[in-house]
Amino acid sequence: MFLTFNDRVSDSPFVERIWRSRSDRAGAFLSVAASHFEMAVTRHRGRTFLTLRGPETRATTAGCPEEGEWLGIRFRLGTFLPWLTP
């Protein structure tokens with residue numbers, strides 16, 4: 001498997017789950033449709049990126065670069081960030 005994934009449930013009333021992932025080689029995975037949104041921090045080749053994603057109405061294929069690292073926060077349904085327009 002090219003992607004290692006670990007996650008845990010959160011104690012926060014706003015956060016559903018915290019996850020982290022690492023890729024050994026490049027590849028793609030199927031991102032399932034979900035009603036929540038996530039914030040992910042990516043580290044790849046010395047650069048750091050912040051991504052906000054979701055909710056998703058259909059499954060999509062997502063690509064992963066070789067030797068990437070991710071830390072993600074999956075927010076509970078109904079959680080919103082006032083400064084973030086949907």
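Start by selecting H44: leaving aside residues up to four places away in sequence, H44 touches P65, E66, E67 and G68. Keep in mind as you look around that this is a predicted model. H44 sits in strand β4, which covers residues 38-44. With a relative accessible area of 16%, H44 is buried, since the cut-off for that label is under 20%. Now show the side chain of H44 together with the backbone of E66: a polar atom of that side chain lies 3.0 Å from the backbone oxygen of E66.

Next, colour the aromatic rings. How many aromatic pairs are there? The count comes to two. For one of them, select F5 and W19: their ring centres are 5.6 Å apart and their planes meet at 25°, so this pair is stacked. F5 belongs to strand β1 (residues 3-9) and W19 to strand β2 (residues 15-23), so the pair links distant parts of the chain, 14 residues apart.

Then move to F37 and F75, another stacked pair, with 4.6 Å from centre to centre and 20° between the planes. F37 lies in the loop between β3 (27-31) and β4, while F75 is in strand β7, so the pair ties together parts 38 residues apart in sequence. Both F37 and F75 are buried.

For the last stop, stay with strand β7 (residues 69-75) and pick L71. L71 is partly exposed, at 48% relative accessibility.

Conventions:
Residues are numbered from 1 along each chain as its sequence is written. This is a predicted model: local features need pLDDT of at least 70, side-chain atom pairs count only at pLDDT 80 or more; totals for chains, interfaces and linings use all residues. Side-chain values use heavy atoms; hydrogens and water are left out. Helices (H or I, at least four residues) and strands (E, at least two) are DSSP runs, numbered from the N terminus. Buried means under 20% relative accessible area, exposed over 50%, partly exposed in between (1.4 Å probe, protein chains only). A polar contact is a pair of N or O atoms within 3.5 Å; within protein, one must be able to donate a hydrogen and the other to accept it, and residues adjacent in sequence count only if both atoms are side-chain atoms. Contact means heavy atoms within 4.5 Å. Rings of Phe, Tyr and Trp (its six-membered ring) pair if their centres lie within 6.5 Å; planes under 30 degrees apart count as stacked, over 60 as edge-to-face and the rest as tilted.
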